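Biologist: I would like to learn how to read a model of this kind, feature by feature. Where do we begin?

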Amino acid sequence: MEPTLLQADTEMLTTAINNTWILVVTFLIFFMHAGFAMLEAGQVRSKNVANQLTKNLLTWSVGVTVFFLIGVGVESVVAGGSFEPAFMGDASSWIGWLYGAVFAMTAATIVSGAVAGRAKLRAYVAYTFLLAAVIYPVVTGLTWAGEHIAYSGVLFQDFAGGMIVHGMGGIAGLTAAWVLGPRMDRYNSDGSANVIPGHSLTFAVLGTLVLAFGWYGFNVGTSAIFDEGVYLGDQLGRVAMTTTVSMACGAMGAGLVAWLKTGKVDTLYVANGLLAGLVGITAIPETTAWWGAFVVGGLAGAQLPIVFEFVEQYLKIDDVCAVFPVHGSAGVLGTLLFPFVAAPGVVDNIANAFITQFIGVVVITAWTVVATAVIWYAFKAAGQARVSPEHERDGLDVSEHGVDTYPEFGQPDVATDGGDEIIRADGGEPNDGQIKMVMAIVRPDRLGAIKQSLAEAGAPSLTVTNVSGRGSQPAKKGQWRGEEYTVDLHQKVKIECVVADIPAQEVVDAIREGAETGEPGDGKIFVLPVEGATQIRTGKTGPDAV
């Protein structure tokens, strides 16, 4: 074959491989949204889960289309070119748009975790629109696209978005949370903080692991496979190694500091620390020495409990999902550490490199804080930033979406555990011909056994209510992100069973048989007289109605 044909075929082959690689890692980064949804949903209260999931869905849906129509064009203008949005490109250039879009939407979805539990959906969606259209494109136009940030000939370094994506998202989230103010009951009148645990540690940890999986697309995927025909195997290997080591050290660093502070290894801090380690290395995975990955990850994880406490206790900012210590401060830390942990031969002048990194951090921070604060203050002035106190108390799932994410007892027509046979009374005159109500306060996990026992006793009809209270059962100590809280109101269920032709004592015995575990907190049973009863359908009264 002619040499020119061989050269053309090689270029075509490397381009095809790189484009395929970019699309695969793009899909991997998109899957991180599943991790964000689980992580954030797990850290909010059960009454706000659907709202948080909706925000994650709309972040992608609104943001990616706005980035296509406007954001890419704004980025090109800031970089020094003309307004050329993605829709003006061709099919091959849309690969680059989609690759940029998944990074942009990562920055956007970080903000939702900071303002959870009190931001109006319309305000958050409007902010996502503006972030995808202007705020994020200005940052990328100054950095990746335009390379405008430099000092003494040294360009600002951010390989995969440690500062440009995660640092910017964490700082935006902190700013928005500051403008909105804390959730109700988060702080007492004396300024002391109340712990508001999230509803599912399982969701939070599983979401963390999904994010970690997608992060390989974020970091390793940023490196092309070929560059002008040269295979980049060394760079791919270094990025994969530093990403993995920093991730691991972030989890260990956060767990160690939490243990030193509280005497316990806090699970959520370990999970958040793993992510902080990933954020810390994201700006510099292709230049960091092997030992530098240990330093970056360990420090990023260790700062997490300290920074979170500072934000909570001293700044009095209610950052629900700890987005600033996970993404903001960890991203800043890793970006600034670039010249100090670089492999031999990477940095010529440590001072100049650090000054450049510092300038980049300051510029991105200043722009993000100002733009975010202006937008959320405008929403606040218009009365559109935050839900009403009543809606916040009821939960955003009901007030914003009209749904109940966790219906406690299923559909109202669920049968009792007694089977299909309806057990009828024997027609006698128990209870001296009177109507009695047997009311029991019991452990929720014993409900099934109690229903079975009541059905066997001939009293399958009952009313069940979720309640909380305290009695002889001792208070419990809990921990959420390293902070201890006391639970002295225990979750119980209240069972009410009204009987006329079944002896009340038999009902009491049946409930006791099903509820007893032998431990404090099994509950109590009360028998009360009922003055009267009326069956709505037939109009029957007295014992006949029962």
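Modeller: Buried means under 20% relative accessible area, exposed over 50%, and partly exposed in between, with a 1.4 Å probe and protein chains only. Thr 262 belongs to helix α8 (residues 233-262). The C-alpha atoms of Thr 262 and Glu 484 are 8.5 Å apart, although 222 residues separate the two along the chain.

Biologist: What should I know about the model and the element names?

Modeller: This is a predicted model, where local features need pLDDT of at least 70 and side-chain atom pairs count only at pLDDT 80 or more, while totals for chains, interfaces and linings use all residues. Residues are numbered from 1 along each chain as its sequence is written, and side-chain values use heavy atoms, leaving out hydrogens and water. Helices (H or I, at least four residues) and strands (E, at least two) are DSSP runs, numbered from the N terminus.

Biologist: How many salt bridges does the structure hold?

Modeller: A salt bridge is a side-chain nitrogen of Lys or Arg within 4 Å of a carboxyl oxygen of Asp or Glu. The structure holds eight. One of them joins Asp 318 to Arg 183, with the closest N and O atoms 2.7 Å apart. Asp 318 lies in the loop between α10 and α11 (323-336) and Arg 183 in the loop between α6 (162-180) and α7 (201-219), so the pair ties together parts that are 135 residues apart in sequence. Asp 318 is buried at 1% relative accessibility, and Arg 183 is buried at 8%.

Biologist: Which residues are linked with that pair in a network of salt bridges?

Modeller: The network consists of Arg 183, Arg 186, Glu 312 and Asp 318. Glu 312 and Arg 186 form a salt bridge whose closest N and O atoms are 2.7 Å apart. Glu 312 is in helix α10 and Arg 186 in the loop between α6 and α7, 126 residues apart. Both Glu 312 and Arg 186 are buried. Arg 186 also lies over the face of Tyr 187, at 5.5 Å from the ring centre; the rule asks for NZ of Lys or CZ of Arg within 6 Å of the ring centre and within 35 degrees of the ring normal.

Biologist: How many aromatic pairs are there?

Modeller: Rings of Phe, Tyr and Trp (its six-membered ring) pair if their centres lie within 6.5 Å; planes under 30 degrees apart count as stacked, over 60 as edge-to-face and the rest as tilted. The count comes to 19 by this rule. Phe 226 and Tyr 231 are a tilted pair, 5.9 Å centre to centre with 55 degrees between the planes. Tyr 231 is exposed, at 54% relative accessible area. Ring pairs also join Tyr 99, Phe 103, Trp 144, Trp 215 and Phe 218 into a cluster.

Biologist: Is strand β9 mostly covered or open?

Modeller: In a regular strand the side chains alternate between the two faces of the sheet. Strand β9 (residues 490-499) is mostly covered, with seven of its 10 residues buried. Two strands pair if DSSP finds at least two bridges between them. Strand β5 (residues 435-442) pairs with β9 in the antiparallel sense over seven bridges, and Ile 441 stands opposite Lys 494 in β9. Strand β6 (residues 463-469) also runs antiparallel to β9, joined by seven bridges; there Val 464 has Ile 495 as its bridge partner.
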